[in-house]
Amino acid sequence: VPTKGIETREVRIFVCSTVSDMQGEREAIVYHVVPELQKFFEERFLTVTLIPMSWGTRRKTDYARESITLQDLKIGLAEVEACRPF
């Protein structure tokens with residue numbers, strides 16, 4: 001919990017893979033790595049936000065396809081830009 005008067009900054013971590021690969025790795029990141037990072041960052045007045053590309057740009061009905069659209073690419077590039085070091 002941030003202390004009153006101390007600014008908290010955000011660390012954005014961009015994760016990108018196709019829907020069908022790296023499922024185990026993504027689960028490890030979400031359930032094990034991110035919680036540990038949150039503890040570490042909280043002590044330093046930072047927050048961590050995971051930006052999972054394959055989860056965030058498509059509707060659930062689109063997950064069966066492996067190809068990306070121009071819109072997927074635009075969203076992905078904007079997220080990468082937002083994840084630049086602070």
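Helices (H or I, at least four residues) and strands (E, at least two) are DSSP runs, numbered from the N terminus. The model is predicted, so local features need pLDDT of at least 70 and side-chain atom pairs count only at pLDDT 80 or more, while totals for chains, interfaces and linings use all residues. Residues are numbered from 1 along each chain as its sequence is written, and side-chain values use heavy atoms, with hydrogens and water left out.

**Exercise 1. Find the core.**

Task: Which residues make up the largest nonpolar core?

Solution: 
- Step 1. Start with the term: a nonpolar core is a set of buried Ala, Val, Leu, Ile, Met, Phe, Trp, Tyr and Cys residues joined through side-chain atoms within 4.5 Å.
- Step 2. The largest such core has five residues, namely Val11, Val34, Phe41, Leu46 and Val48.
- Step 3. Helix H1 (23-42) and strand E2 (46-52) are the elements that give two or more residues to this core.
- Step 4. Zoom in on Val34: apart from neighbours within four places in sequence, Val34 is in contact with Ile29, Val48 and Leu50.
- Step 5. For background, nonpolar side chains in soluble globular proteins tend to be buried together.

**Exercise 2. Follow the salt bridges.**

Task: How many salt bridges does the structure hold, and what does the one between Glu79 and Arg12 tie together?

Solution: 
- Step 1. A salt bridge is a side-chain nitrogen of Lys or Arg within 4 Å of a carboxyl oxygen of Asp or Glu. The structure holds four of them.
- Step 2. Between Glu79 and Arg12, the closest N and O atoms are 2.3 Å apart. Glu79 lies in helix H3 (residues 70-82) and Arg12 in strand E1 (residues 9-15), so this pair ties together parts that are 67 residues apart in sequence.
- Step 3. Both partners are partly exposed: Glu79 has a relative accessible area of 23%, and Arg12 has 22%.
- Step 4. Another salt bridge joins Glu36 and Lys39 (3.4 Å, N to O). These two lie in helix H1, three residues apart, about one turn of the helix.
- Step 5. Arg44 and Glu43 also meet in a salt bridge (3.4 Å, N to O). Through shared partners, salt bridges join Glu10, Arg12 and Glu79 into one network.

**Exercise 3. Check one more side chain.**

Task: Is Arg26 buried or exposed?

Solution: 
- Step 1. Arg26 is found in helix H1.
- Step 2. Its relative accessible area is 3%, so Arg26 is buried.

Methods
Buried means under 20% relative accessible area, exposed over 50%, partly exposed in between (1.4 Å probe, protein chains only). Contact means heavy atoms within 4.5 Å.
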